[in-house]
Amino acid sequence: MKIGIVIPTKNESKNIKPLYKSIQKNLKKKNIVLCFVDKSDDNQTIDNIKKYFNNYRHTIIKERKNNSQLTTRCVASNLGFKWLIKNTDAEMLVDLDADLAHDPFEINRASELIKSYDVVIASKYHPKSIVKGRTKLRLFISYSCTFVCQLIINKNISDFSNSYRFYRRKCIAKIIKRKIIYKSPIQHLENLIMLINENYNIKEMQTKYIERERGDSSIQVVGLFFYLLEFIHCLTRFFFRKSI
């Protein structure tokens, strides 16, 4: 199975070597193609990508800069997925954190599950999952949002926010045809709602999640209020679509 991996980066130069070592160790037997989507302030991250990943099939997309303090991670992911769909025949596609908050080893497990499902979610709330480094504020927000989503959207899904998802090609082909509504992580929720409404088969698996401590691409507290507004807007859209 050919696997397409999108890796958004922003000032991640120090993370590229550990990322390379982890991919080399855990995915050496996999047929993978990498798409880095970079929004760094300088060329150090790109230089290290070229240095360490020259023996892998990969491409680097330079994302347009803007002055927003809010993360545009979902925009970067969408750009990478579009490239993979257009330029490869990857059968499974995944969005991977450059700082190893997501464990590349789990791609092996997901590649087996994806044979029976359309989407596999690495759930932070799976009974066997290990989650480290999350602040009390982030935990409170995450649990609260999860509770609301299970109440309104689907009680059988436990993690609506983790970007570490594994998709069959047809799912990503569907997602990239749709207009991006939210540049924030709420777009991950919007995409999942679409997949649920389209009756795709969704499976959750255990994961090891390490909250980010390095790099600049993590969610800033200053943006949480705006994410809350978008969260409410997304759920309101879902509610009224279901009511019609």
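This is a predicted model: local features need pLDDT of at least 70, side-chain atom pairs count only at pLDDT 80 or more; totals for chains, interfaces and linings use all residues.
Colleague: How many disulfides does a search of the whole structure find?
Modeller: A disulfide is a covalent bond between the sulfur atoms of two cysteines. Here a pair of cysteine sulfur atoms must lie within 2.5 Å to count. The search of the whole structure gives a total of 0.

Colleague: Which cysteine sulfur is closest to that of C74, and how far away is it?
Modeller: C74 itself is buried, at 5% relative accessibility. Its closest cysteine sulfur is too far for a bond. That sulfur belongs to C234, and the distance is 11 Å.

Colleague: What separates the sulfur of C149 from the closest cysteine sulfur?
Modeller: C149 is buried too, with a relative accessibility of 2%. The closest cysteine sulfur is in C145. The gap is too far for a bond, because the cut-off is 2.5 Å and the sulfurs are separated by 6.5 Å.

Colleague: Are helices α1 and α2 roughly parallel or roughly antiparallel?
Modeller: Helix α1 covers residues 13–26, and helix α2 covers residues 44–52. Their axes are 8 Å apart and meet at an angle of about 20 degrees. Angles under 35 degrees count as roughly parallel. So α1 and α2 are roughly parallel.

Colleague: Is the crossing of α1 and α2 left-handed or right-handed, and which residues of α2 make the contact?
Modeller: The crossing of α1 and α2 is right-handed. From α1, the contact uses S13, I16, K17 and Y20. From α2, it uses Q44, T45, N48, I49 and Y52.

Colleague: How many residues of the contact of α1 with α2 are charged?
Modeller: The contact residues divide by type. There are 4 nonpolar and 4 polar residues. The charged count is 1.

Colleague: Where does N11 lie, and what is its phi?
Modeller: N11 is in the loop between β1 (2–9) and α1. N11 is not a glycine, yet its phi is positive. The value is about 55 degrees.

Colleague: What phi does L100 have, and which loop holds this residue?
Modeller: L100 is not a glycine either, and its phi is positive, at about 65 degrees. L100 is partly exposed, with a relative accessible area of 25%. Its loop runs between β4 (92–95) and α4 (106–113).

Colleague: Which residues is K174 in contact with, leaving aside neighbours within four places in sequence?
Modeller: K174 lies in helix α6, residues 169–175. K174 is partly exposed, at 32% relative accessibility. Its contacts beyond those neighbours are M194, E198 and Y200.

Colleague: How far apart in space are K174 and D97?
Modeller: Along the sequence, K174 and D97 are 77 residues apart. The distance in space is taken C-alpha to C-alpha. It comes to 22 Å.

Conventions. Residues are numbered from 1 along each chain as its sequence is written. Side-chain values use heavy atoms; hydrogens and water are left out. Buried means under 20% relative accessible area, exposed over 50%, partly exposed in between (1.4 Å probe, protein chains only). Axes are lines fitted to C-alpha atoms, for helices over the stretch in contact, and angles run from 0 to 180 degrees between N-to-C directions. Helices (H or I, at least four residues) and strands (E, at least two) are DSSP runs, numbered from the N terminus. Angles under 35 degrees count as roughly parallel, over 145 as roughly antiparallel, 65 to 115 as roughly perpendicular and the rest as oblique. A crossing is left-handed if the near helix is turned anticlockwise from the far one by less than a right angle, and right-handed if clockwise. Contact means heavy atoms within 4.5 Å. Ala, Val, Leu, Ile, Met, Phe, Trp, Tyr, Cys and Pro count as nonpolar, Asp, Glu, Lys and Arg as charged, and the others, Gly among them, as polar.
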